[in-house]
Amino acid sequence: MTTAVGHEKINKTNAIFLLVAHLAAVGSVVWMATGHFSWWTLGLAILYFELCSISITAGYHRLFSHRAYKAKSWWRALLLIFGAASVQNSALAWSKDHRRHHTFVDTDKDPYNAKRGFWWSHIAWVYHEADEYDDGPRVTDLENDPLVMWQHRNYVLIAIVSTVVVPGLLGLLWGDPLGAILAVGFLRLVVQWHSTFTINSLAHIVGTQPYSTRNTSRDSGLIALVSWGEGYHNFHHRFQADYRNGVRWWQFDPTKWMLWTLQKVGVTFDLRRTPRETILKALANPRTFDDDAPASTPPDDMTPGDAASSDAASGPVAVAAGS
Ligand SMILES: [Zn+2]
Ligand SMILES: [Zn+2]
């Protein structure tokens, strides 16, 4: 059931869950501040926060939405499990939104259109019903991926087990099951949500535009600090299939450093990079777009795990939306 608000309709399920989660996060702080603090609980919450953040930046975003690299199955499964624990929908649904964001950026067909203002792009789009379009980018590559579809079918169950059941059971070990559910399940979740949401909102408002002035995306080292390196969003919108967001070696992009390190031990491979000359050309004139990577969906004949071009700026690239 939906409720009309102006031209929009509220998604009651999402609205209620957002509210409950935020209240539970406040409850977690109150619980810890009133004599129930546990270092074990806090440690588990931090561990969950890191694993879940990685699952969104390295998983939902750079791997599943943009196919910026390839990886071993166990790594992809890990990202899908902790991605579900991030309660941002299944990887399939998230990627569909994110590819639409890149394809239709700053228009009414962009799910988190930054031109509708901070509040909409940050969180309001989540608790409103999504418009349906027939011309959105394809996700057939993901629909043909058994692991992605397994997570999609079992998303709610995985999310409940990972955010409530597992923290509660672990909390029993040190006598703080309720505190663990509140802190690991909800306080961690709410902080992580706002980290991700910041990319859709502030990364389209605050910062510089060294690579492209065609859309509202911006580069911000400050936002990168709170988003596992996703704050270099202007580079990302111009070269979306590149596994790096912070392309310079010193730019804070721990997701990039982690994927590079995992490549050294064979967990990730075929990391896609934009040629240096192409980047320099964009920097020299961000108002020209001749060298842009085509904004297309992954071709149907690229099955999951196929080697993509290591040149992220040439050939068909995966478009992503979201963060
Ligand atoms: Zn964006
Ligand atoms: Zn993206």
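**Notes on helix packing and loops**

1. Let me start with α13, where Thr278, Ile279 and Ala282 are the buried residues. Viewed along the axis of α13, these buried residues stay within an arc of 100°, so they line one face of the helix. Here the arc is that of the directions from the helix axis to the C-beta atoms. A residue is called buried if 20 or more other C-beta atoms lie within 10 Å of its own, exposed if 12 or fewer, and partly exposed in between, with C-beta atoms placed from the backbone. On the other side of α13, the exposed residues are Arg276, Glu277, Leu280 and Ala284. The cover over the buried residues of α13 includes α11 (233-238).

2. A word on conventions. This is a predicted model, in which local features need pLDDT of at least 70 and side-chain atom pairs count only at pLDDT 80 or more, while totals for chains, interfaces and linings use all residues. Residues are numbered from 1 along each chain as its sequence is written, and chains are lettered from A and ligands numbered from 1 in the order in which they are written. Helices (H or I, at least four residues) and strands (E, at least two) are DSSP runs, numbered from the N terminus.

3. Next, α8 (residues 155-173) and α9 (residues 177-200): their axes come within 7 Å and cross at roughly 140°. Axes are lines fitted to C-alpha atoms, for helices over the stretch in contact, and angles run from 0 to 180 degrees between N-to-C directions. α8 and α9 are therefore oblique to each other; angles under 35 degrees count as roughly parallel, over 145 as roughly antiparallel, 65 to 115 as roughly perpendicular and the rest as oblique. The contact is made by residues including Gly168 and Gly171 of α8 and Gly179 and Gly185 of α9, two residues being in contact if their C-beta atoms, placed from the backbone, lie within 7 Å. The residues of this contact of α8 with α9 divide into nine nonpolar, five polar and no charged. For these classes, Ala, Val, Leu, Ile, Met, Phe, Trp, Tyr, Cys and Pro count as nonpolar, Asp, Glu, Lys and Arg as charged, and the others, Gly among them, as polar.

4. How do α2 and α12 cross? The axes of α2 (residues 39-65) and α12 (residues 254-264) come within 10 Å at an angle of roughly 75°, which makes α2 roughly perpendicular to α12. From α2, Ile54, Thr57, Ala58 and Arg62 take part, and from α12, Thr255, Met258 and Leu259. By class, the contact of α2 with α12 has four nonpolar, two polar and one charged.

5. For α3 (residues 73-84) and α7 (residues 146-153), the axes come within 10 Å and cross at roughly 20°, and that makes α3 roughly parallel to α7. Ser73, Arg76, Ala77, Leu80 and Ala84 in α3 meet Leu147, Val148 and Gln151 in α7. This contact of α3 with α7 comprises five nonpolar, two polar and one charged.

6. Asp106, in the loop between α4 (91-103) and α5 (118-122), has a positive phi near 70° although it is a residue other than glycine. Asp270, in the loop between β4 (268-269) and α13 (276-284), likewise has a positive phi, near 50°. Asp106 is partly exposed, with 17 other C-beta atoms within 10 Å, and Asp270 also counts as partly exposed with 17 C-beta neighbours inside 10 Å.
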